[in-house]
Amino acid sequence: EEQLKIASAVMAARCRLAARFHHVHGTNVRLDASRTLATRVESFANGLCFSQEPLAPGQIFLVEIEEKELGWCGHLRVGLTAHDPQSLEVVPEYSLPDLVNMGDTWVFAITRSHNRVVVDGEEVRARGSPWEPFLLIERVRIPRDTLVGRSRPGRYSHILDDLYKMNVLPATARRSRIGVLYAPQPDGTADMHIVINGEDMGPSARGLPTARPLYAVVDVFASTKSVRVIPVDYGFPSLQTLCRLVIQKHIVHRLAIEGLDLPPLLKNFCQHE
């Protein structure tokens, strides 16, 4: 147990430091001063971004869709690459197919369907309850609450209550949270996993080389206008988070939170995060 706590603390520190975009990116991308917000300022392509550092095994690179742009077909694309962004003479226009065609790159378009590679004879594992505080992927244990994107309540928010209670937003919606990580396997390779709003999509690619550094790839493509990196704290959920889970599980709909006899800050936390 002590070793688990130390490993969690080390991973948390690493994730906080690495939760930024690389200064090398597509020509249509503008980063804010903190390099945590990437915005495609024109057209629909040249929106390729990378993690600042290669990921550690089990380390998730998580982004939230901050802004959408109407008029384009296609959505966010995420994955991993063994190419050091610093070594690229020119950042490719597209992750699919340009960067993938360079080899040692695995990228998938985020859609409403699931990207999953199933080996013959493998059973699809039952997914854990969305109310479980941790998402388990192989030996990786990630606090689920941070991984889940949530819509803000509004005049007609009761229409979305069933989705909200299940901690689900459409994968391509504004505020949806998308993450990518790799899990080492006994044969020395790794499986790439994409996580959408706290749900593991399962292995999207297998046989990734673990001997080379692997960087996260985020392609701010087409209808996705901007994305923000979300730091993930690999630790135990806070009392505030646990309270929110219990409250959300038992209310009729989100607007009912306003009528509860709770401190204003806790009510705001339950409604808006």
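Biologist: In what order do the four strands of the open sheet stand?

Modeller: Strands of a sheet pair through backbone hydrogen bonds, either parallel or antiparallel. In this predicted model, the order is E3-E12-E5-E6, with antiparallel pairing. Strands are DSSP runs (E, at least two residues) numbered from the N terminus, and two of them pair if DSSP finds at least two bridges between them.

Biologist: Which strands stand at the edges?

Modeller: E3 (48–50) and E6 (105–109); each has a single partner strand, so one side of each lacks a neighbour in the sheet. On average, neighbouring strands are turned by 20 degrees against each other, direction ignored; the axes are lines fitted to C-alpha atoms, and angles between N-to-C directions run from 0 to 180 degrees.

Biologist: How many bridges join E3 to E12?

Modeller: Three, with E12 covering residues 215–219. Leu48 stands opposite Asp219 in E12.

Biologist: Which residues of the largest nonpolar core touch the most other members?

Modeller: A nonpolar core is a set of buried Ala, Val, Leu, Ile, Met, Phe, Trp, Tyr and Cys residues joined through side-chain atoms within 4.5 Å, where buried means under 20% relative accessible area (1.4 Å probe, protein chains only). Of 32 residues here, they are Phe21, Phe61, Val63, Ile194 and Val218. E10 gives the most to this core, four residues.

Biologist: What is Val63 in contact with?

Modeller: Beyond neighbours within four places in sequence, its contacts (heavy atoms within 4.5 Å) include Phe21, Leu76, Val218 and Ile230. Ile230 belongs to a second, separate core of 12 residues, which also includes Ile142, Leu147 and Val195.

Biologist: Which conventions apply?

Modeller: Residues are numbered from 1 along each chain as its sequence is written, and side-chain values use heavy atoms, leaving out hydrogens and water. Local features need pLDDT of at least 70 and side-chain atom pairs count only at pLDDT 80 or more, while totals for chains, interfaces and linings use all residues.

Notes. Buried < 20%, exposed > 50% of the residue type's maximum accessible area, 1.4 Å probe, protein only.
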